[in-house]
Amino acid sequence: MPPTTKGDTARRLLALFRPQRAALIGAVVLALLSTAASLLGPYLLGLATDLIAAGMVGRTLDPGASKQDVLARLREQGDGTLANVFSTMDLVPGEGVDFTKLGFVILASLAVFVIGGLCLWLQGRVVALAVQKALFELRDRVDRKLARLPLGYYDRTPPGEVLSRVTSDVDNLQQTLQLTVGQTLNMIFAIVSALIVMLVLSPTLALLVLITVPMAGALWFLIGKRAGLRFAAQWAANGAITSRVEEVYSAHHLVRGFRREQRVQARFDAENEALADTERQAQALTGLIEPSTRFITDFSYVLVAVFGAARVAAGSMSIGEVLAFTQYAGQFTRPMVVLAGVAGQMQSGLASAERVFELLDAEEQNPDPATPIRPEVVRGRIDFDRVAFRYVPDVPLIRQLSLSVAPGSMVAIVGPTGAGKTTLGNLLMRFYEVDEGRILLDGADIAAMSRDELRSQIRLVPQEPWLFAGTVAENIAYGCPGASREEVVAAARATGVDRFVRALPEGYDTVLDDDRTTLSAGERQLITLARAFLGQSAVLILDEATSSVDTRTEAYVQEAMSTLRAGRTSFVIAHRLSTVRSADIILVLDRGDIVEWGTHDQLLAYGGLYTELYAGSLAPADS
Amino acid sequence: MIYRRNMGSTRPVLTGFLRAYLRPYRSRIALIAGLQLVQTVCILLLPTLNALVIDNGVVEGSMGWIVGVGVAMGAVTLVQVTVAISAERKGAAVSAALGRDLRSAVFRRVLSLSAREVDHFGTPSLITRTVNDVKHAQTLTLTLFDTALATAILSIGGVVLAVTQDFWLGLLLVAMFLTVCGCIGFMIATMAPLFERLQTGIDLISRILREQIIGVRVVRAFVQQRREHERFDAANRFIFQPSLRVGRLMTTFAAMVTLVTNIFMTALVWFGGRRIDDGSLQLGTLSALIGYLTLIVLAMVMILVVVTGLSRALASVRRITEVLDSEPSVDEPAVPVQSRTEGGFIEVREVDFGHPGSEAPVLHRVDLVVRRGETVALVGGTGSGKSTLLNLVLRRYDVTGGAIRIDGVDVRDLSADRLTTLVGVVPQTTRLFSGTVRENLHFGDPGADDTRLWWALRVAQAESFVAELPDGLDTPLAQGGRSLSGGQRQRLAIARTLLRRPRVLLLDDCFSALDGGTESRLRAALRHELSGTTVLLTSQRAGAVRDADRIVVLDAGRLAGDGRHADLIRDCRVYREIVQSQPLGTETPGREAVDAAHD
């Protein structure tokens, strides 16, 4: 897997918003408008303050004198500072606050605030929609990805790990984007525009505020880098704990039955403690960002207050201007504090995003050929041509297997456990790809067919029955969603499902899922068998399909199966040798090699491994 | 359904919940609150000091004042940052600890529940609740510590200071504060149900995904990827709407608060102007008031984060509490009874059992006695109640009528520890854990040394393949032992149970993936090594059944026969059918007996 960097992750995250480009441009415009409003507002309020200040001073002065007279008199009295202060004011001696003017300014600022608020609101709505669409798209992509991952991925990765990436991590990403996308935009605009206004008002004071930027930048860089690593550790620990929880809850009955709660709890607690550790560390680190940013900005506030006061004292700025400047300085630094808070969440979000992208980047199964071939007529002829396969690179399982199966025949595969019986099915279904050699379906190399085309020719009853959350009827009709109730019931009858389904509280509409304990293992197997009964296929693979079913039911099912098998090639993997006696050919597998083959009688006559297995399955244990 | 419940009871749930789980951290939380108070006072001091600069420094024209107060302001800033960082660190520690405690508590509770409650919630939902919901509750406490506390102190402090500076204008800030509080209340009430739906949606998504992951072979074999994706798509759409509404509500809230504060800011300048005009207010005071208002506005923006967290956490806390409050339907006896003997003598007396809501009973008046050391095979069609009977002995469920006694003591009067020491089970579905072979075996008996482990493996016919694994006992098994074949997993599961050396061994059709030779060797070994152990087994295999000392036949939940093979062949129609259905049986004495019976 190529190493990814934070920058890459962030870029890919942004790429998710590409389809929403138009909306985001709208959001930017609205953000600009609301920023303009948030700048104009304080400016107007600054004007208002100046009006008030002028009125306050003017009221105390001699009504007859002009402004010039008043200043001259003050200078004569040696009160130069105060004269400087008054000189910046638009005052008329003897006059109080001009409420008409003030009222006008106030109304104007109100209007600006309302418009600004409206823009902010609209912008937020646009951003919310864009964020949700992007996340929808991300979830969608992850689920599509799951369909393209090779089966080996699932055999290697705990389900909880995949689950946590799609739930916890995407959820965290959602929170992050929701909080940050809108805010970041506004904050950056606010910072930039406040900076421009400050530069216009007083370049010297503006410089005092500006020194905060490199300081904050350095701080964020230093903390952010470390926090990123900590968050990556935290979300990895979160994945680990999800896997643990998934594993234990799935084996709940075992833990209870063995009274191993304490042991399981102890292991959980150790991992839980590790997770808490990473959480604490990540949080403590990001917790630094906001206060220290606030420190930097507060420090600049102090500088502005002091130097601003000095400038007013020197007569080069009005009080209103200093107050307005303080406001703008606030508009410059406050967003920095908020951004600092957002930065922490962003680190966490990026760590999650990276985990999601890692899943999206996982190696996929080979894509189907661009122009897949398909056998002209599917009759069910199967050829294994010098097939070699291994799950683990150093441990060859199947070395060189060749085999031809005529259409409509029944092939039984027997052998000691671990001989690779299920593997043959895995290869035929292309759950795994052969390492060498090829497998042909009616003369067509299955590797050159599309997987879906191949699989729709084959019906598989896997070793472990799997039911999904849905009714009995839906579970039976899984392969043929369009099947009518009559067809479902017919399949159920043929497989002995009908009997026990009728006893269920809601018959075929009883809701099942993979974890519930309403059905026994045998009943679940029968349902998966009924599933295979629906629909047409040329090939049938029964992998221990009736191992948990009682023999009486099995015999009944066998009969139905022989109808099902008629005209179809079937592979039957079984331990119960009674099941395979009628096979056209029995393959005896041992360690990935076919060691014997023939009919039941031939094999018994041969007196090899099959005879041994057969004797074992028959003989009373003590003989 | 478990999701529908009135929202009225939410608030007390949250406070009670927080009180219970934050109690251990009381003193640390008090410290955090103290630190936050100090840091907020510092923040509030800045505008006050700034007012001093303007009123005494600028207006009076004194540079000394300006510089002196400036230095004081610098010092305040320094104190503030130190205190704030320390508060953050402590907050992070407490919230991480709380998350850990909660996860542990939920996990512990789930482990204590019986099968029925686990079925009720569903495994995927329990997983979400343990990991995802706890995370939200934890995030809430974190925001409570670092944002909410500071925000509350900041806004209340700001209002109080404003009132002391100028009573009437201060009242304006009070009004603003109350208005924003009203908005917050409205927000929480609107958002909480949305988050409830959102979490339900996450449950749904994680259930579908879990099914797709576990059932990947079937999904692909039946070429149902498109349909599965549609199912996922529906769930994805299901959470799209509430997510979008939450995002929009947050926006509305932000805009509302900004507008409200700005309007009040304008009002403040207007009324402040009037009061300055009549000489009852200083200009510096007005600037301080504006400063406070700005602080409160900042606080309100932060409240947005808190409010969202709070609504979300409310939904999560309720889901967590639901788990924590559920009681196992199979509970420990108040006064456990000790059996006097340790024989492994099982009596099943007139046992009835039915699943709630289902009319047809699974077991009906079943009577059965298994003597010490006896091996009894339960035989019957699929769904005849064999596994259920074993589950009742194990108390995975409780009987709905009658009683099951071991050595004369009702299983409901035995402590769970006692019962599981007495009874060992190898369940129908094999589950191994991630970890090494050794760790998996230690699940049965953590204290077993290698000699014992190899003994158990030998009996379970797993010795040779374990010995051939690259690292023997220390070979790690991939998730659920998927690298092994079904039969290998089954044998490991048997070895795991054997290590417990139970008085009663329940074998629930656990030979199904074994080839005949392995199975018969295994049965021989069991017989040899476990003489004196009472064995109750279900099996589909003729050999396993015929080998038993006695055979008990169940038919649709009723006892249909009890005796030895030959007797049952003669007297029990159901058994005869079962035996005849086994083609292999035709070459065994069984068939002759059948023929004889027909003669």
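Predicted model: local features only at pLDDT ≥ 70, side-chain atom pairs only at ≥ 80, totals over all residues.

Trainee: How many helices and strands does chain A have?
Mentor: Chain A has 21 helices and 12 strands in its secondary structure.

Trainee: And what is the radius of gyration of chain A, next to that of a compact globule?
Mentor: Chain A has a radius of gyration of 39 Å, whereas a compact globule of 623 residues would have one near 25 Å. The C-alpha trace of chain A spans about 135 × 50 × 45 Å along its principal axes.

Trainee: Which domains is chain A divided into?
Mentor: Domain 1 covers 6-361, while domain 2 is made of 367-457 + 576-623. Taken over C-alpha atoms, the centres of domain 1 of chain A and domain 2 of chain A are 63 Å apart.

Trainee: What share of chain A counts as buried?
Mentor: Of its 623 residues, 56% count as buried. As for contacts in chain A between residues at least 6 apart in sequence, 81% of them join residues at least 24 apart.

Trainee: Changing topic, how many residues of chain B are in contact with chain A?
Mentor: On the chain B side 158 residues are in contact, and they meet 160 residues of chain A.

Trainee: Which helix of chain B gives the most to that side?
Mentor: Helix 8 of chain B, residues 225-277, gives the most to the side that touches chain A, with 28 residues. By class, the residues of that side of chain B divide into 67 nonpolar, 61 polar and 30 charged.

Trainee: Staying with helix 8 of chain B, how does its axis cross that of helix 6?
Mentor: The axis of helix 6 of chain B, residues 167-214, comes within 9 Å of the axis of helix 8 of chain B, and the two cross at roughly 170°. Angles over 145 degrees count as roughly antiparallel, and helix 6 and helix 8 of chain B are therefore roughly antiparallel to each other. Their contact has 29 nonpolar, seven polar and five charged residues.

Trainee: Last one: why is helix 10 of chain B largely enclosed?
Mentor: Helix 10 of chain B, residues 386-393, is largely enclosed by the rest of the structure because eight of its eight residues are buried. Among them are Lys386(B), Leu389(B), Asn391(B) and Val393(B). Just after helix 10 of chain B comes Arg395(B), which takes a positive phi of about 60°.

Notes
Residues numbered from 1 in each chain as written. Chains lettered and ligands numbered in written order. Contact = placed C-beta atoms within 7 Å. Helix = DSSP H or I, 4+ residues; strand = E, 2+ residues; numbered from the N terminus. Nonpolar A, V, L, I, M, F, W, Y, C, P; charged D, E, K, R; others polar. Rg over C-alpha atoms; globule rule 2.2 N^0.38 Å. Buried ≥ 20, exposed ≤ 12 C-beta atoms within 10 Å, placed from the backbone. Domains from an automatic or database assignment. Axes fitted to C-alpha atoms, helices over the stretch in contact; angles between N-to-C directions. Parallel < 35°, antiparallel > 145°, perpendicular 65-115°, else oblique.
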